[in-house]
Amino acid sequence: MEVLDKLIAQLRKHKPEIEYRESLKESIMQNIKSRKRKIDYIFGWTDIIWLRKSLALASLIIVLAFIIQQLFVVDRINKLEKRMISINTEKILEYQRENVIVNSVIMKQPETSLLADSIKVSTDDLLNLLREYKELQYRYEKILGSQIKKDSNKQKL
Amino acid sequence: MKRKISIILVSLIMLIMSSCEGPDALVINIVREDGSFTRKVILTYTKDEFDLDNCQVPVDSTWNIIKEYDISEKGDTTYTLTAVRDFDSVEELNRMYDNYEGSNKGMKRRADFQKKFMWFNNLYRYTEHVDKAMNGYPPEDFYTEEELVFFYMPEKLIEARLEKEDSTQVKRNIIEPMEDKFDTWLGRSLVKVLIDKISDTVRSNPAIGIDTTLLYEKEEEIASSLLIISSDEKEVLDSLMGSGFYESNSVLIDSIMSDVEEEFDVAFNADAYLIQTIMPGRLMATNGFVDEQGNVLWEVDGDVILSSDYDMWAESKVRNTWAWIITFVFLAFVISGLIIRVFRK
């Protein structure tokens with residue numbers, strides 16, 4: 001501690017003189033100013049009236065264009081909701097398989113089909129009728145199958 | 001003579017018979033941002049007999065073809081042929097449409113792809129267009145807006161719609177009135193085309209002594225008379241236009257009738273098919289129907305192309321992320337500049 005006190009006392013006695021006090025001061029001030037200058041350089045355009053106004057107007061136009069475009073998109077997407085339907089590709093293909101089967105039933109006997117008849121039947125009713133017919137046939141064959149099975153079991157016994 | 005009247009009568013069951021012969025077709029277009037697309041044609045039939053030359057849409061043996069079969073629970077066998085091909089652009093498809101000689105060769109079809117740069121988003125529009133078969137009345141003149149939705153709705157979707165709770169109401173309020181209007185629309189359209197053609201002929205050849213104004217006035221009556229099964233053109237036209245009208249103009253009427261019949265055949269013989277389109281990015285708008293997977297669906301059949309051009313279009317958007325970043329940086333720069341200026345003051 002004593003050594004340190006002595007050193008401080010010595011320094012007090014011989015005041016250190018800064019040789020270039022002014023230039024140091026200036027350089028410190030310069031450094032502070034240059035930071036400010038950088039900001040001024042980047043945003044200097046704000047002092048030029050026409051540039052400031054143009055960029056502000058451009059920003060406004062961009063924001064407006066963005067809002068209008070987004071509203072346009074949202075409106076179109078909302079309208080799209082009206083066209084939504086609950087079907088998918090798999091269901092369509094399933095329906096097509098069913099449809100060709102039904103059509104093959106009609107085409108088996110074309111002479112007794114619609115052209116020879118004067119009754120007007122809607123497509124949906126006709127397809128429903130044929131589907132019911134196929135369903136009935138399927139059930140009938142199932143019953144018939146189980147009957148044959150029963151008979152063969154009886155015979156085995 | 002009766003044969004020509006029969007085109008009107010037979011057409012009344014056109015809906016029923018439209019898809020009775022041959023395989024059912026589903027066309028799937030997977031559209032990409034650069035305008036290229038993959039086209040998949042799925043044909044379903046009860047026999048393992050697929051005639052690609054006579055398919056609803058152009059397909060040939062150069063496509064990648066896969067065949068499968070399916071046996072339903074009820075024991076019915078159906079065969080499926082899937083043909084896939086990549087297209088660099090719609091022009092390639094249009095060339096195929098131009099050279100097409102299949103069952104729908106009477107149809108004039110075109111595909112179109114458009115890309116629009118909208119800074120924040122890129123908009124894409126894919127269209128498949130079919131020209132109308134004849135210059136009759138557009139369906140919009142006869143059907144209400146609600147009915148038109150069902151008019152353009154694929155048959156499969158109508159069926160699905162009729163399985164819902166309010167099916168009786170839909171059937172009574174929409175489907176049945178539509179069926180009644182269908183006869184009138186068809187009859188009026190055919191007669192309009194006929195009169196238009198007579199009128200054109202008379203205009204180019206004034207020596208023909210037909211009062212076309214009177215024909216236009218009587219258009220509705222002619223249409224409704226021709227819809228009666230037992231009617232005969234000669235009787236109908238003579239009763240409305242004056243005795244001897246048919247006899248003195250029979251050659252002209254017969255030749256024009258043949259023209260009309262030829263045009264009508266394009267719609268009458270149309271082999272219906274479904275088109276499904278998958279667009280790049282987010283689907284934005286369409287005049288088709290959007291399914292559960294976000295794909296767009298249309299049906300091309302005789303009705304929809306009879307007397308009005310049929311445009312099947314879908315629009316989608318893809319976000320331009322780089323444009324969003326540039327815009328954000330620019331706005332941040334301008335706004336912070338203005339704020340700094342305010343504080344400096």
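How many residues of domain 1 of chain B are in contact with how many residues of domain 2 of chain B?

Author: Before the answer, two remarks on reading the model are needed. Residues are numbered from 1 along each chain as its sequence is written, while chains are lettered from A and ligands numbered from 1 in the order in which they are written. This is a predicted model, in which local features need pLDDT of at least 70 and side-chain atom pairs count only at pLDDT 80 or more, whereas totals for chains, interfaces and linings use all residues.

Chain B is divided into domain 1 (19–133 + 271–328) and domain 2 (136–269), with bounds that come from an automatic or database domain assignment. The centres of these two domains of chain B, taken over C-alpha atoms, are separated by 30 Å. To your question: 13 residues of domain 1 of chain B are in contact with 17 residues of domain 2 of chain B, where contact asks that the C-beta atoms of two residues, placed from the backbone, lie within 7 Å. On the domain 1 side, the elements that give two or more residues are β10 (296–300) and α11 (302–306) of chain B; such helices (H or I, at least four residues) and strands (E, at least two) are DSSP runs, numbered from the N terminus. The largest share of that side, four residues, comes from α11(B). By class, the domain 1 side divides into eight nonpolar, four polar and one charged, with Ala, Val, Leu, Ile, Met, Phe, Trp, Tyr, Cys and Pro counted as nonpolar, Asp, Glu, Lys and Arg as charged, and the others, Gly among them, as polar.

Let us now stay with β10(B). This strand is mostly covered, since five of its five residues are buried; a residue is buried if 20 or more other C-beta atoms lie within 10 Å of its own, exposed if 12 or fewer, and partly exposed in between, with C-beta atoms placed from the backbone. V296(B), W298(B) and V300(B) point one way from β10(B), L297(B) and E299(B) point the other way, and all are buried.

The strand also has pairing partners, and two strands pair if DSSP finds at least two bridges between them. Strand β7 (residues 273–278) of chain B is joined to β10(B) by five bridges, and the two run antiparallel; within this pairing, L274(B) has E299(B) as its bridge partner in β10(B). Strand β9 (residues 289–290) of chain B is joined to β10(B) by two bridges, and these strands too run antiparallel, with V290(B) standing opposite V296(B). The hairpin of β9(B) and β10(B) has five residues between the strands, and in this hairpin G294(B) takes a positive phi near 85°.

Not counting residues up to four places away in sequence, V191(B) touches E219(B), I222(B), A223(B) and L226(B). The C-alpha atoms of V191(B) and E220(B), which are 29 residues apart along the chain, are separated by 8.2 Å.
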